Amino acid sequence: MWCTSSPDRKDNMTPDEILERARSAIGAPVRHAGYDPVTGLDCAGLIAWVYGLTRPERRYGRGDLLPLIDSLMAESFDLIPASALAPADAMLFRAPAMPNHLAIYAGKNEMIHANEKYGRVMRSGIPASWLDRRLHRVWRSKSSAE
């Protein structure tokens with residue numbers, strides 16, 4: 001079962017707290033432009049909900065996810081090299097079937113993400129090709145990096 005209340009923004013979340021929030025969303029339905037685990041989350045909504053980010057004013061299409069995410073992440077996250085990937089980091093993948101997809105790194109080559117194919121938020125393995133060729137950006141919460 002997933003959390004039913006929206007988390008308040010915390011400025012000092014540890015990686016363990018971030019992962020606990022992400023795990024609490026597992027099983028939530030997937031809904032395009034969704035920001036609530038009860039009614040549904042998409043990949044951007046999962047990131048915003050877990051980290052307590054402000055919901056954007058406008059809806060977005062699949063093609064313009066990157067500018068939206070850059071604006072969401074700018075104040076609370078540092079862009080880091082993919083080689084520094086650690087649990088609780090936010091990841092952006094670029095793939096032909098999904099131009100942009102966001103997930104939270106859970107460690108041990110696993111991610112927590114809104115999986116559109118299965119219609120729910122889930123924890124799953126990350127294909128090696130995604131890490132090698134499709135991982136486009138990695139962000140770390142400034143509070144978890146301190």
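Reply: A residue is called buried under 20% relative accessible area, exposed over 50%, and partly exposed in between, using a 1.4 Å probe and protein chains only. The model is predicted, so local features need pLDDT of at least 70 and side-chain atom pairs count only at pLDDT 80 or more, while totals for chains, interfaces and linings use all residues. Residues are numbered from 1 along each chain as its sequence is written, and side-chain values use heavy atoms, with hydrogens and water left out.

The protein has five helices and eight strands; helices (H or I, at least four residues) and strands (E, at least two) are DSSP runs numbered from the N terminus. Along the sequence the pattern is α-β-β-α-α-β-β-β-β-β-α-β-α. Of the 146 residues, 48% are buried.

Now the sheet. Six strands form an open sheet in the order S3-S8-S4-S5-S6-S7, with antiparallel pairing; two strands pair if DSSP finds at least two bridges between them. S3 and S7 are the edge strands, each pairing on one side only. From one strand to the next, the twist averages 30°. Helix H1 (residues 15-24) packs on this sheet and touches S5 (101-107), S6, S7 and S8, its direction making about 120° with that of S5. Helix H2 (residues 43-51) also packs on the sheet, touching S3, S4, S5, S6, S7 and S8, at about 50° to the direction of S5. Here touching is a contact, meaning heavy atoms within 4.5 Å; axes are lines fitted to C-alpha atoms, for helices over the stretch in contact, with angles from 0 to 180 degrees between N-to-C directions.

S3 runs antiparallel to S8 and is joined to it by four bridges, with Asp-78 opposite Arg-140 in S8. Four bridges also join S4 to S8, again antiparallel, and Ala-90 stands opposite Trp-139 in S8.

The structure has two salt bridges, each defined as a side-chain nitrogen of Lys or Arg within 4 Å of a carboxyl oxygen of Asp or Glu. One is between Asp-89 and Arg-140, at 2.8 Å from N to O. Asp-89 lies in the loop between S3 (77-80) and S4 (90-93) and Arg-140 in S8 (residues 135-141), so this pair links parts of the chain 51 residues apart. Asp-89 has 1% relative accessibility and therefore counts as buried. The other salt bridge joins Glu-110 and Arg-123 at 2.6 Å, N to O. Because Glu-110 is in S6 (residues 110-115) and Arg-123 in S7 (residues 120-125), the pair ties together parts 13 residues apart in sequence. Glu-110 is partly exposed at 27% relative accessibility, and Arg-123 is partly exposed at 35%.

Last, confidence: pLDDT is the predictor's confidence in each residue, from 0 to 100. Its mean for the protein is 83, with 78% of residues at 70 or more. Among the elements, S7 has the highest mean pLDDT (98) and helix H3 (residues 65-73) the lowest (70).
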